[in-house]
Amino acid sequence: MSLLRRRKPINESDKTSEASDSKPKMDKEEGQQEDDDGNDKNKKRIPSKIKKNHGDKPPKWSCLDTCFWLIGCICVTWWLLLFLYNAMPASFPQYVTEAITGPLSDPPGVKLKKEGLEAKHPVVFVPGIVTGGLELWEGRECAEGLFRKRLWGGTFGEVYRRPLCWVEHMSLDNETGLDPCDIRVRPVSGLVAADYFAPGYFVWAVLIANLARIGYEEKTMYMAAYDWRLSFQNTEVRDQTLSRIKSNIELMVATNGGKKAVVIPHSMGALYFLHFMKWVEAPAPMGGGGGPDWCSKHIKAVVNIGGPFLGVPKAIAGLFSSEAKDIAVARAIAPGFLDNDIFQLQTLQHVMRMSRSWDSTMSMIPRGGDTIWGGLDWSPEEGYSCGKKREGRNDTQIADQAGAESAVSQARSANYGRIISFGKDVAEAPSSDVGRIDFRGAVKGHSAANTTCRDVWTEYHDMGFLGIKAVAEYKTYTAESIVDLFHFVAPKMMARGTAHFSYGIADNLDDPKYKHFKYWSNPLETTLPNAPEMEIFSLYGVGLPTERAYVYKLSPAVECHIPFQIDTSADDEDTCLKDGVYSVDGDETVPVLSAGFMCAKGWRGKTRFNPSGIRTYVREYSHSPPANLLEGRGTLSGAHVDIMGNFALLEDVIRVAAGASGEELGGDQVYSNIFNWSEKIDLQL
């Protein structure tokens, strides 16, 4: 109780004063409460503009903010993953992969070294289009500080730092196909020119590393780098590249005890080296003056990987509308973004103007016309089924499946011969029902005024609306009419292209006109060298949907945009049509027909295209995707570039370099119907 305080007594006067004091206080509190209630009611009537002024609501999040936020997230994530990748032990991915899938097989170089194989023949690599690095030697004011920096390959930093300057320096002169004034872009030299296309994305690096395992080094390996934008003959005119290749092969053969070279072209490099073999034996000044037996003396084998000998339909879509399947899908998802985007870059127009200045792209326009690629009502691949799986067969096990394919073709099948069709109904209709108005004599209409296009000018603007309409009214195009189409829509491009390339079939190879260099890269208008001991291989992937024909439509706005685009709404599983693209078997870029026909039939045995009877082999590699993400691009891939890491292919290439013949590899290795399709082609041999 001692803790209790004694309360002080309260007097009456104190009570009175306290009561009087508390009353106004209570009145004040009640008044304040009423004011608060009143304010609450008034707040409901305050306009939103006043609220915004008081900062009660955060600022509006714009589309541009979202775009930059996404870019920031992607960059941060990328750099974080890159940091973790570089920080982890080199053996970690292999350890995890083996824990999931079991022990990995030895790389081909390690396996063959254990078998006792050693370096024997010097090796020459011939890269394809876009995979070789290009660097700046002279540029305009906007390219200050980029001397000998890569404009193509590597990190591609200048693409997003100064995109218009990059496009300007990567483009060639539209009249000559050579350097524009005050610009010099040249190929990177050495093995680093094409070992990696970009950081982490190998092209030749895996093959080089495996060859090194059995004793190869830089003195026995040579990267025949060239400016892949130029026409093949112009690489000699400007850079003397063909002469350099000739000299380097001669030097390697001389310094390796006379052992002939094994040449390994990839993609368009197969066409480039075909041109080289004619150039090196042709007399100067057009040729290299090596004499008719130069190839016989210096080349053991040509091992082509994914060679587009007869062209690729993908090149048509690229030149016609700057599209391939993936770009067409992106263009459909975000209409107008690539044509006339929010940054006003007009991406596709710039890409078209730049790529149409590269003469090399015209080397891959399909060759052989309707005889090879089919007409309105037939194609060699008629009856192809997208989901059909085939077992591997060698050349002694290939059965005649003509009856089976004929039965399949009775069902509805794609008209692959119609490479471009305006509308799915046109692609599927009988040829008798397709009303066509010939575009060749059409008068091009009034040119679109260059008011909204911001100086991004393509040859489509010179056609006018009547010319564009005439192209669409022809309805469907086969391989033969495609060449005429390009002459109509891109006359400047084709004037250069037809001066350097040809797309027909020779009637008489003894005609003196075929001595001109424009025919040298077309296997149907030239002959192989007189080298009976030489071997030619065609190695390529199969089992992947590969672009073969397209369904097109007119673009919604043709006055400034590219007027034609792939119709991604066109789909039909029964005819292998997806997103406006008809697909056949191949390596995603080169159809089987283009990669395999010449070695399967055109050059097989002694033919007018192969008068000395050079032995040819077809070896296909069925695609199998990687088992997990840590396998990267996989060791069983059949894709056009990823196949350069395919263990089976690498083993075949290394064995040939070490001295093996095609027969010792096992002859032909076939998974597709290339031999049956080749037999359907009525070509005089």
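This is a predicted model: local features need pLDDT of at least 70, side-chain atom pairs count only at pLDDT 80 or more; totals for chains, interfaces and linings use all residues.
**Figure 1. Close-up of the disulfide between C142 and C165****.** This link is one of two disulfides in the structure, with an S to S distance of 2.1 Å and a right-handed geometry of 80° about the S-S bond. C142 sits in the loop between β2 (134–138) and β3 (150–152), whereas C165 belongs to helix α7 (residues 163–170), so that the pair links distant parts of the chain, 23 residues apart. C142 is partly exposed at 31% relative accessibility, while C165 is buried at 9%.

**Figure 2. Close-up of the disulfide between C386 and C576****.** The S to S distance here is 1.7 Å. Because C386 lies in the loop between α16 (369–373) and β10 (393–394), and C576 in the loop between β15 and β16 (577–578), the pair ties together parts that are 190 residues apart in sequence. C386 is partly exposed, with a relative accessible area of 39%, whereas C576 is buried at 6% relative accessibility.

**Figure 3. Close-up of helix α19 (residues 464–473) and its packing partners****.** Buried residues of this helix include G464, G467, I468 and V471, and the buried residues of α19 pack against elements including α13 (313–321), α20 (479–489) and β14 (544–554). K475, which follows α19, has a positive phi, near 75°.

Note on methods:
Residues are numbered from 1 along each chain as its sequence is written. Side-chain values use heavy atoms; hydrogens and water are left out. Buried means under 20% relative accessible area, exposed over 50%, partly exposed in between (1.4 Å probe, protein chains only). Helices (H or I, at least four residues) and strands (E, at least two) are DSSP runs, numbered from the N terminus. Contact means heavy atoms within 4.5 Å. A disulfide is a pair of cysteine sulfur atoms within 2.5 Å.
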